[in-house]
Amino acid sequence: MKKKKWCSFFLAVCLCAFMLSGCGTGKSSQSEDNSKKTEQKEDNSEKEAVENTADTSERTGVRIGALKGPTAMGMAQMLDDTQYEFSIAASPDEIVPLIVQGQLDIAAVPANLSSVLYQKTNKQVSVMAVNTLGILYLVENGEAVKTAEDLKGKTIYASGKGATPEYALNYVLSANGIDPRKDVTIEYKSEHAEVVAALAADQTAVGLLPQPFVTTALMKNKGLRVALDLNDLWESSQEEGSRLVTGVIIVRNEFLQENPEKVNKFLDAYKASVDFVNSDAEAASVIIDAHDIVAKEVAVKAIPECSITFVEGQEMKTMLSGYLETLLDQNPETIGGAMPDDDFYFQR
């Protein structure tokens, strides 16, 4: 999330808290009747608060937040399980306030955003697993690009400036001896559809797109092909087990401490769901379509290319910390200003 958005969001949260505090402060009563009415209202408010607390304690469903795309696709086998209450969002901006306000227990978020949340919430969240690896691909019209070196002199259209796509692309280019500022021309678009349109207008250019949008674009334009997998390029330039981590699963620490058994049960169910999705794309795509995450015909083709995974424990820590360190070197703000400490990584 961009710094400006973070500032706006937290200012809004603070403003809401201030307004709520103000609403709770009334003027002094000037008559005995008004005083009694005030006391009665306070008693009713206290009663409502107790009732609301009771309702919360009786709630049994674990509240899960996920994003349309690979993160929610990996949860397909769990979506109809009444043990879980799912909130499927189109953007991380919709998920973040729910986590901060305690309205979600567990959430799938972009990898760098998990670190930002850890810093911004004063370490009130932990990361439990990596659920999506690199889903970024370079596509082109024709057969001109076969290696990273072939990108020299090319125009690359991409979306995601100031986010993971930009930093991942810059890193991969630099690791292969290509100066992102001198050896290529990178033009950022606001939407994926604009990238595809730009490729149609410039047949010699290359586009950077994520799954499942790559699959959608290939289905609409038979002339496009996947030239390079950014995940493969990332891994080939790393020496310490870092991976191009796209998404992770985080948990609010308060929920984790109070419900360790539910958290473990969720992780087991999620792992089983990922195995199901990757082993039976046809069946998974039916569920994914039914929940309006991705259309069936796109999902069934995209699943094998979406790098949907489940990695926890020390392996998760190694690949995620290496990824965050790479982002830290380019722009510390993308991970909240500093590397998270060991407490960030939950290992059961």
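A: In strand β11, the residue that bridges to Val 130 is Val 311, and the pairing to which β11, residues 308-311, and β4 belong is antiparallel, with two bridges. This is a predicted model, and the description that follows should be read with that in mind. Val 130 has a bridge partner in strand β10 as well, namely Val 248. The pairing of β4 with β10, which covers residues 247-252, is again in the antiparallel sense and runs over six bridges. Strand β4 itself spans residues 125-132 and is mostly covered, since eight of its eight residues are buried.

Turning to the aromatic side chains, the structure holds eight aromatic pairs. One of them joins Tyr 84 and Phe 266, whose ring centres are 6.0 Å apart and whose planes meet at 75 degrees, so this pair is classed as edge-to-face, the label for planes over 60 degrees apart. Because Tyr 84 lies in strand β2 (residues 84-89) whereas Phe 266 lies in helix α11 (residues 260-279), the pair ties together parts that are 182 residues apart in sequence. Both Tyr 84 and Phe 266 are buried. Another aromatic pair, that of Trp 234 and Tyr 323, is tilted, with 5.5 Å from centre to centre and 50 degrees between the planes. Here Trp 234 belongs to helix α9 (residues 230-236) and Tyr 323 to helix α14 (residues 313-330), so the pair links parts that are 89 residues apart in sequence. Trp 234 is buried, and Tyr 323 is buried too.

Thr 215 counts as buried because its relative accessibility is 7%, where the cut-off is under 20%. Its side chain makes a polar contact with the side chain of Gln 211, at 2.8 Å. When neighbours within four places in sequence are left aside, Thr 215 is in contact with Val 298, Lys 301 and Ala 302.

Notes
Residues are numbered from 1 along each chain as its sequence is written. This is a predicted model: local features need pLDDT of at least 70, side-chain atom pairs count only at pLDDT 80 or more; totals for chains, interfaces and linings use all residues. Side-chain values use heavy atoms; hydrogens and water are left out. Buried means under 20% relative accessible area, exposed over 50%, partly exposed in between (1.4 Å probe, protein chains only). Helices (H or I, at least four residues) and strands (E, at least two) are DSSP runs, numbered from the N terminus. Two strands pair if DSSP finds at least two bridges between them. Rings of Phe, Tyr and Trp (its six-membered ring) pair if their centres lie within 6.5 Å; planes under 30 degrees apart count as stacked, over 60 as edge-to-face and the rest as tilted. A polar contact is a pair of N or O atoms within 3.5 Å; within protein, one must be able to donate a hydrogen and the other to accept it, and residues adjacent in sequence count only if both atoms are side-chain atoms. Contact means heavy atoms within 4.5 Å.
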